[in-house]
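Here is a short walk through this fold. Have the sequence and the model open side by side as you read.

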Amino acid sequence: MTTPRIVVLGAGYAGMMTTKRLTQQFAPEEAEITLVNKHNYHYQTTWLHEVAAGTIDVNRSRIMITDVINPRRVNIVHDSVVKIHPDDKQVELSNSMLEYDYLVIGLGFEKATFGIQGMEEHAFSIQSVDKSRMIRDHIEYQFSRYKTEENPSDDLLTIIVGGAGFTGIEFVGELAERIPQLCKKYDIPRNRVKIINIEAAETVLPGFDEELIAYAVHSLTDRGIDIRTKTMIKEVKKDAVIVGEEKEEIKAGTIVWTGGVQANRIVGESGFELTKGKVNVDSTLRAPNYDNVFILGDCAWVMNKETGRPYPPTAQIAIQEADVCAHNIRTLVFGGTLREFKFDNKGTVASLGGSEAMGTIFDGHKLYGLQAKMMKNVIDDRYLFMLGGPSLVLKKGKFRPF
Ligand code: FAD
């Protein structure tokens, strides 16, 4: 038997954990494992709202891949995936071609704009370290402009965040902490700055428990966030958004869209069939028509058989999928029974900035404030532990509740 070539695309939660698990599932001589990523680092996507707001440093969210994956075990390729050719079992990179026997796609998400005019061109998205850093710098640039331009408009200081799902709410929570610091730095009264969170649904955080939603809304509005639900963004311009049937125009210096994600477009462009922007994989996480291709994380649409609805795109799910994927690749190579993916919900906690947070753990037990924030840190540190052991927790972990 020739040594199987396993290629993992993307060093996000799904890709990193799959690679880690594959090195545990296979002895070095049993498989040739390759990990391809755009950057030489892995980043904590779940911390990007903090990078975007400027409440944590960019480097805090980055982990060098070679710090946690042994380059003597895994062939680490620092390059961008351009296209996948599943019929030829090949991956086209910017600088070379790769051949595989088994492929794992973990290329993550990109913003879904639902065809809203101007959204693609004029709205920022919290999507990568570089894009998040650009948001942080842009907000500060607008503060700087405000201080240097003659007769500046207060609109420069308005920040509009489209979407009040998990990412939108976590981001405005961080802004509530960051903006007072910027106001101090630039000698600007806090009441000149508006942070407006616009959501088309009836409530923020659709699908969350009502008490948790009420807690989040109270905490955020108390700290100066203007939340507007039942408000549809119709169009985005360079310096404004148009909302509602009356086409009200709200001027802003910064516009950030968090209202939707879809699979990395490379997946659709490579010919995989999409359902609402993602690939509807089977219960063993394999792509339709390609038994040797696994699609994980935000690129995949995995049905929850109990509810008949797909699982939401979360890091928690991406990490759990990695275990099943690595086991199933070993099974395809050596035989045995394929495992079906079943989500083990350990709870969801949303940070609301500073020492504020809320969410549920395990059996739906609700947590608020400092207790929830501590739990959020435990969740983050647990992932770091799984990835890089105690040394990574000590290097990058979160210990303080703010
Ligand atoms: P990602 O983690 O996004 O990784 C994709 C990887 O692919 C990246 O490393 C990227 O550089 C690489 N890549 C992309 N394109 C290419 C290319 N062309 N070539 C090579 N490499 C490429 N989930 C939770 O469970 N809990 C939370 O608290 C939570 N908070 C969140 C907060 C924010 C601000 C955001 C944005 C998301 C949050 N999520 C949370 C959702 C979670 O981050 C995603 O579901 C998760 O990142 C999906 O993991 P993934 O491995 O599919 O993709």
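Over how many bridges do β11 and strand β18 pair, and in which sense, parallel or antiparallel? β11 and β18 (residues 254-257) pair in the parallel sense, over two bridges. Within that pairing, Phe124 sits opposite Val256 of β18. Strands here are DSSP runs of E with at least two residues, helices are runs of H or I with at least four, and both are numbered from the N terminus. Two strands count as paired if DSSP finds at least two bridges between them.

Before going on, keep in mind that this is a predicted model: local features need pLDDT of at least 70, side-chain atom pairs count only at pLDDT 80 or more, and totals for chains, interfaces and linings use all residues. Residues are numbered from 1 along each chain as its sequence is written.

**The parallel sheet**

The β11–β18 pair belongs to an open sheet of five strands, ordered β11-β18-β12-β13-β14, with parallel pairing. At the edges are β11 (124-125) and β14 (225-228), each of which pairs on one side only. Helix α6 packs on this sheet and touches β12 (159-162), β13 (195-198), β14 and β18. The direction of α6 makes about 175° with that of β13. Such angles run from 0 to 180 degrees between N-to-C directions, with axes fitted as lines to C-alpha atoms (for helices, over the stretch in contact). Contact means that the C-beta atoms of two residues, placed from the backbone, lie within 7 Å.

**The antiparallel strands**

Another open sheet has three strands in the order β26-β27-β28, this time with antiparallel pairing. β26 (347-351) and β28 (365-368) are its edge strands with a single partner strand each, so one side of each has no neighbour in the sheet. On average, neighbouring strands of this sheet are turned by 10° against each other, direction ignored. Helix α7 (residues 210-222) packs on the sheet, touching β26, β27 and β28, and its direction makes about 165° with that of β27.

Elsewhere, β6 (residues 81-85) and β7 (residues 90-93) also run antiparallel. Here are the antiparallel pairs together:

| Strands | Bridges | A bridge pair |
|---|---|---|
| β6 and β7 | four | Lys83 and Glu92 |
| β26 and β27 | five | Gly347 and Ile361 |
| β27 and β28 | four | Met358 and Tyr368 |

The hairpin of β6 and β7 has four residues between its strands, and Lys89 in the turn has a positive phi of about 55°. In the hairpin of β27 and β28, three residues lie between the strands, and Phe362 takes a positive phi near 40°.

**Domains and the ligand**

The chain is split into domain 1 (5-38 + 79-111 + 262-344) and domain 2 (119-259), with bounds that come from an automatic or database domain assignment. Their centres, taken over C-alpha atoms, are 34 Å apart.

Which domains supply the shell around the ligand? Domain 1 and domain 2 each give at least three residues. Of the 33 residues around the ligand, Gly10, Gly12, Gly108, Gly297 and Thr314 come nearest; a residue is counted if its C-beta atom, placed from the backbone, lies within 6 Å. Elements giving two or more residues to this shell are α1 (13-25), β2 (32-37), α2 (48-53), α6 (166-186) and α9 (315-334). By class, the shell has 14 nonpolar, 16 polar and three charged residues. Nonpolar covers Ala, Val, Leu, Ile, Met, Phe, Trp, Tyr, Cys and Pro; charged covers Asp, Glu, Lys and Arg; the others, Gly among them, are polar.

**Two helices that meet**

The axes of α1 and α9 come within 8 Å and cross at roughly 35°. Among the residues that meet there are Tyr13, Met17 and Leu22 in α1, and Ala318, Ile319 and Ala322 in α9. That contact divides into eleven nonpolar, three polar and four charged residues.
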